[in-house]
Amino acid sequence: MDKKTFRKLFDEKILILDGATGTNLMAAGMPMGVCPEKWILENKSIMLDLQKAYLDAGTDILYAPTFTCNRIKLEEYGLEDDIVAMNTELVNISKEAVRLAGHGYVAGDITMTGKQLAPMGNLVFEDLVDVYKEQAEVVADAGADLFVVETMMSLQECRAAVIAIREVCDLPIMVSLTYNPDGRTLYGTDPATATVVLQSLGADAIGINCSTGPEDMIEPVEKMAEYSTVPLIAKPNAGLPELEDGKTVYKMTPDMFADAMRGLVEAGASIVGGCCGTTPEHIRALTEAVKTMPVHKP
């Protein structure tokens, strides 16, 4: 997909993303402490069924499960030599889901590596670009339609990822960060600054994911809308997590989630989905709730 085609997607409708991956896989039996990508490849049918369910619920852009499949994270499991095969197969699962559903686009998913850039850590910026570039090249070659850089806490690491992707392809790039209750990322960046910096770098959509439930995302999305020249993303959790009997639960029902998401569309988001705790039922309700709402024009 080229940038022009991506922008045309917003001419008529709010775009729908998928919902949670991790919380649904854990509910399906994925244990704590394993390499998620390896577990997915050993249980392909579970991932395929989940992604097909999201597409059937109305998802337009499906996130390939390549989330932490970069060299730095794979080294923790001794899997760094499998980076090409793993990323390729993970993208193929999402492509197969799209084929079975008969619609949708696949976004190659990239996130934090877990190592900090200098001076907070020992990672050099140029080395991080190379790490992201290695993964991005494989994901692009595997046939992803676009990229998403998500659940980011560092604007510098967002920059590294965008630069890396741009060095290997011209596919559209969506970028979303997570913000603390004080309205800033873990590293102190506010939504307005992130918006200005990332769109100047060439990001094709910018926004916020994870972080909070829908209501607490309205203010940061409104701030982004004041400065954005690109579409805005909102992908919140199904409310704030709660601990019950030693388990983390998210109590927002699909109808509650969908109703609250209307506020985010009114605030300026034109790409919406769900993060932790959301299911295909949440996405189905969301699709129905926003299908006649006007698209915010940045």
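1. Two strands count as paired if DSSP finds at least two bridges between them. The model is a predicted one. In it, strand S3 (residues 105-110) and strand S4 (residues 146-152) run parallel and are joined by four bridges. Ala107 has Leu146 in S4 as its bridge partner.

2. These strands belong to an open sheet of eight strands with parallel pairing, in the order S1-S10-S7-S6-S5-S4-S3-S2. Strand S1 (15-16) and strand S2 (61-63) are the edge strands, each pairing on one side only.

3. Does the length of helix H11 agree or disagree with its residue count? Helix H11 has 14 residues (254-267), which at 1.5 Å a residue should span 20 Å, and its end C-alpha atoms are 20 Å apart, so the two agree.

4. The buried residues in H11 are Phe257, Ala258, Ala260, Met261, Gly263, Leu264, Val265 and Ala267. They pack against helix H10 (218-227), helix H12 (280-290), strand S7 (232-236) and strand S10 (269-272).

5. Beyond its neighbours within four places in sequence, Glu37 is in contact with Pro65, Thr66, Phe67, Thr68, Cys69, Met86 and Leu90. The C-alpha atoms of Glu37 and Cys169 are separated by 24 Å, with the two residues 132 apart along the chain.

Note on methods: Residues are numbered from 1 along each chain as its sequence is written. This is a predicted model: local features need pLDDT of at least 70, side-chain atom pairs count only at pLDDT 80 or more; totals for chains, interfaces and linings use all residues. Side-chain values use heavy atoms; hydrogens and water are left out. Helices (H or I, at least four residues) and strands (E, at least two) are DSSP runs, numbered from the N terminus. The expected span of a helix is 1.5 Å times one less than its number of residues. Buried means under 20% relative accessible area, exposed over 50%, partly exposed in between (1.4 Å probe, protein chains only). Contact means heavy atoms within 4.5 Å.
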